Every structure is written in C-alpha cells, then in structure tokens.
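Here is a brief report on one protein chain.

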Amino acid sequence: LSLSSGCGRNHTLVFTTTQSDIPTISTSIHLNCRRVKLDKWPLTIACIVFGVIDFLLMHLVIVNRKNIIISRSSPMFCILQLFGDVIMLAGVVTYLTSPTPVVCSIALVFWVVGFTLAYGT
C-alpha cells in the first residue's frame with residue numbers, strides 16, 4: 001500500500017502484492033484538510049483536561065486491577081480503550097493547527113489508531 005503525501009490534493013493510492021498473479025490496483029483519492037475557524041484555546045484546554053482524566057482512570061485501573069469488577073472486565077482492555085481516547089484527543093489538538101502535509105498525515109493517523117484502540121479492541 002502506498003500513498004503520496006500531501007494535503008488537499010488528489011493522490012493515487014496503489015495496492016501492490018508480491019504475488020505475480022494478482023494485478024496491482026490503483027485508485028484516486030482526495031485528502032481534504034479544510035479547517036473550520038474555531039477559538040483554539042477552549043478546545044485545547046478541554047482536550048488536555050479530558051486527557052488528564054483518561055490518564056487518572058488508567059492509573060485507577062492499574063492500581064485496582066485485582067478488584068473483582070475490574071479484573072472481570074479485563075484491565076488491559078480498559079487501558080487500551082482509554083489510551084485510544086488519549087490518542088484521539090491528540091488528533092483533535094493536531095486538527096487545530098495550521099494544515100500542512102505533515103500535520104494532515106499525523107492527524108489522520110491519530111484519528112484512525114485512536115478510534116481503532118478505543119472502539120475496535
């Protein structure tokens with residue numbers, strides 16, 4: 001899988017394989033990094049507050065992992081979900097910066113990885 005880097009332009013996404021009998025698939029996609037003008041500080045502060053709350057909850061899960069309720073709900077599962085929340089909050093803060101190709105790619109990674117950890121585990 002390869003994708004040329006960029007933001008707000010058309011790119012070609014190419015799926016390749018090492019097997020010679022499977023053809024290469026190519027499709028055009030558009031990365032749109034439009035930004036909505038928001039007051040950055042309230043949202044940034046809210047993300048920091050919720051990130052701290054997530055880390056405190058992770059600490060509580062680790063400290064109380066022998067508790068019957070937490071142990072039956074799998075402490076590692078709970079920590080992975082909370083860590084996914086923190087990564088998505090980092091994606092929100094990244095989204096508030098000025099759009100560049102690097103920021104666009106990083107924000108996309110934060111959103112995908114964070115959502116997968118928070119809701120896909």
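D85 is partly exposed, because its relative accessible area is 24%, a value between the 20% and 50% cut-offs. The model is predicted. D85 sits in helix α3, which spans residues 75–95. Setting aside residues up to four places away in sequence, D85 touches D54 and A118. D54 is 31 residues from D85 along the chain, yet their C-alpha atoms are separated by 7.4 Å.

C78 is buried, because its relative accessible area of 18% falls under the 20% limit. Beyond its neighbours within four places in sequence, C78 is in contact with V61 and S73. A118 is 40 residues from C78 in sequence, with a C-alpha to C-alpha distance of 8.9 Å.

S74 belongs to the loop between α2 (68–72) and α3. Its phi is near 65 degrees, a positive value in a residue other than glycine. S74 is partly exposed, with 32% relative accessible area.

**The aromatic pair**

A search of the whole structure turns up one aromatic pair. How far apart are the ring centres of F115 and Y119, and at what angle do their planes lie? The centres are 5.0 Å apart and the planes stand at 45 degrees, so the pair is tilted. F115 and Y119 both lie in helix α4 (residues 101–120). They are four residues apart, about one turn of the helix. F115 is partly exposed at 48% relative accessible area. Y119 counts as exposed at 59%, because the limit for that class is over 50%.

**The nonpolar patch**

W41, I45, V49, F50, I53, L57 and L60 make a nonpolar surface patch of about 710 Å². L60 has its place in helix α1, residues 40–63. L60 is partly exposed, with a relative accessible area of 45%.

The residues with a stated accessibility are set side by side here.

| Residue | Relative accessible area | Class |
|---|---|---|
| L60 | 45% | partly exposed |
| S74 | 32% | partly exposed |
| C78 | 18% | buried |
| D85 | 24% | partly exposed |
| F115 | 48% | partly exposed |
| Y119 | 59% | exposed |

**The chain as a whole**

The chain has four helices and three strands. From the N terminus on, the elements run β-β-β-α-α-α-α. Buried residues make up 26% of the 121 residues. The accessible surface comes to about 8500 Å², and 69% of that surface belongs to carbon and sulfur atoms. What share of the contacts with a separation of 6 or more joins residues 24 or more positions apart? The share is 50%.

**Confidence**

The chain averages a pLDDT of 79, and 69% of the residues score at least 70. Among the elements, α1 has the highest mean pLDDT, at 93. Strand β1 (residues 2–3) has the lowest, at 46. Over residues 1–6 the pLDDT is below 50.

Technical notes
Residues are numbered from 1 along each chain as its sequence is written. This is a predicted model: local features need pLDDT of at least 70, side-chain atom pairs count only at pLDDT 80 or more; totals for chains, interfaces and linings use all residues. Side-chain values use heavy atoms; hydrogens and water are left out. Patches are made of residues with over 30% relative accessible area and no salt bridge: like charges are joined within 9 Å, nonpolar side chains (Val, Leu, Ile, Met, Phe, Trp, Tyr) within 5 Å. Accessible areas come from the Shrake-Rupley method with a 1.4 Å probe; for residues, only the protein chains shown count as cover. A salt bridge is a side-chain nitrogen of Lys or Arg within 4 Å of a carboxyl oxygen of Asp or Glu. Helices (H or I, at least four residues) and strands (E, at least two) are DSSP runs, numbered from the N terminus. Buried means under 20% relative accessible area, exposed over 50%, partly exposed in between (1.4 Å probe, protein chains only). pLDDT is the predictor's confidence in each residue, from 0 to 100. Contact means heavy atoms within 4.5 Å. Rings of Phe, Tyr and Trp (its six-membered ring) pair if their centres lie within 6.5 Å; planes under 30 degrees apart count as stacked, over 60 as edge-to-face and the rest as tilted.
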